[in-house]
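Please keep the sequence at hand while going through them.

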Amino acid sequence: QVQLVESGGGLVQVGGSLRLSCAASGRTFSSYAVGWFRQAPGKEREFVATITRSGISTYYADSVKGRFTISRDNAKNTMYLQMNSLKPEDTAVYYCAAGNYCPSYGCYNYWGPGTQVTVSS
């Protein structure tokens with residue numbers, strides 16, 4: 001099993017940047033693909049990005065492609081989401097997850113509690 005905790009959320013102005021981190025406990029972090037999802041008020045949780053166990057391959061939602069970058073450091077049991085050119089519609093609670101490499105909620109078995117990102121205009 002793996003436990004996940006996000007950090008790095010906060011309030012940022014339109015066009016600004018944030019870097020989210022997701023720290024994992026346990027020795028099996030590198031056994032899982034990991035991903036980021038987000039949920040805005042009144043909306044369903046949506047896929048943002050995912051990265052393979054080795055970190056070689058990544059996949060992004062169209063809405064964030066070119067602005068967000070997912071990465072991981074297996075030696076530190078940590079993954080990241082660098083978010084640039086932020087827009088008001090990026091406002092949401094961001095969750096990290098561990099599981100299989102795919103863009104669907106059901107592919108992930110382990111979830112963090114989430115971190116709030118608010119983009120103000």
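1. V93 has Q116 as its bridge partner in strand 11. In this predicted model, strand 9 (92–99) and strand 11 (115–120) run antiparallel and are joined by three bridges. V93 also stands opposite Q39, and strand 4 (33–39) is antiparallel to strand 9, with seven bridges between the two.

2. Strand 9 has a further antiparallel neighbour in strand 10 (residues 108–111), to which three bridges join it. Within this pairing, G99 stands opposite Y108. Strand 9 is mostly covered, seven of its eight residues being buried. Strands of a sheet pair through backbone hydrogen bonds, in either a parallel or an antiparallel manner.

3. Which residues touch the most other members of the largest nonpolar core? They are W36, L81, M83 and Y94, in a core of 36 residues. Two or more core residues come from each of strand 3 (18–25), strand 4, strand 5 (46–51), strand 7 (68–73), strand 8 (78–83), strand 9 and strand 11. Strand 9 provides the largest share, five residues. In soluble globular proteins, nonpolar side chains tend to be buried together.

4. The surroundings of L81 illustrate this core. Leaving out residues up to four places away in sequence, L81 touches W36 and Y94, and its other contacts are L18, R19, L20, V48, A49, F68, T69 and I70. W36 and Y94 are themselves among the residues that touch the most other core members.

5. How many disulfides does the structure hold? There are two, and with the bonded cysteines numbered in sequence order the pairing is 1-2, 3-4. A disulfide is a covalent bond between the sulfur atoms of two cysteines.

6. The link is right-handed, with 60° about the S-S bond. C22 counts as buried because its relative accessibility is 1%, and C96 counts as buried because its relative accessibility is 0%.

7. Apart from its neighbours within four places in sequence, C96 is in contact with L4, E6, C22, G35, W36, M79, Y110, W111 and G112. The C-alpha atoms of C96 and A24 are 9.8 Å apart, although 72 residues separate the two in sequence.

8. The other disulfide joins C102 to C107, with an S to S distance of 1.8 Å. The link of C102 and C107 is right-handed as well, with 105° about the S-S bond. Is C102 buried or exposed? C102 is buried, since its relative accessible area is 14% and the cut-off for burial is under 20%.

9. Where does R67 lie? R67 is in the loop between strand 6 (58–60) and strand 7. R67 is buried, because its relative accessible area is 11% and burial is defined as under 20%. The side chain of R67 reaches two backbone oxygens: that of S63 at 2.9 Å, and that of S85, which lies 2.9 Å from a polar atom of the R67 side chain. Not counting residues up to four places away in sequence, R67 touches Q82, M83, N84, S85, L86, K87 and D90. M83, one of these contacts, is also among the residues that touch the most other members of the largest nonpolar core.

10. An open sheet is formed by four strands in the order 1-3-8-7, with antiparallel pairing. Strand 1 (3–7) and strand 7 stand at its edges; each has a single partner strand, so one side of each is left without a neighbour in the sheet. From one strand to the next, the twist averages 15°. Strand 1 and strand 3 run antiparallel and are joined by five bridges, and the bridge partner of V5 in strand 3 is A23.

Note on methods: Residues numbered from 1 in each chain as written. Predicted model: local features only at pLDDT ≥ 70, side-chain atom pairs only at ≥ 80, totals over all residues. Heavy atoms only, no water. Core = buried A, V, L, I, M, F, W, Y, C linked by side-chain atoms within 4.5 Å. Buried < 20%, exposed > 50% of the residue type's maximum accessible area, 1.4 Å probe, protein only. Contact = heavy atoms within 4.5 Å. Polar contact = N/O pair within 3.5 Å; in protein donor to acceptor, adjacent residues only side chain to side chain. Disulfide = S-S within 2.5 Å. Pairing = 2+ DSSP bridges. Axes fitted to C-alpha atoms, helices over the stretch in contact; angles between N-to-C directions.
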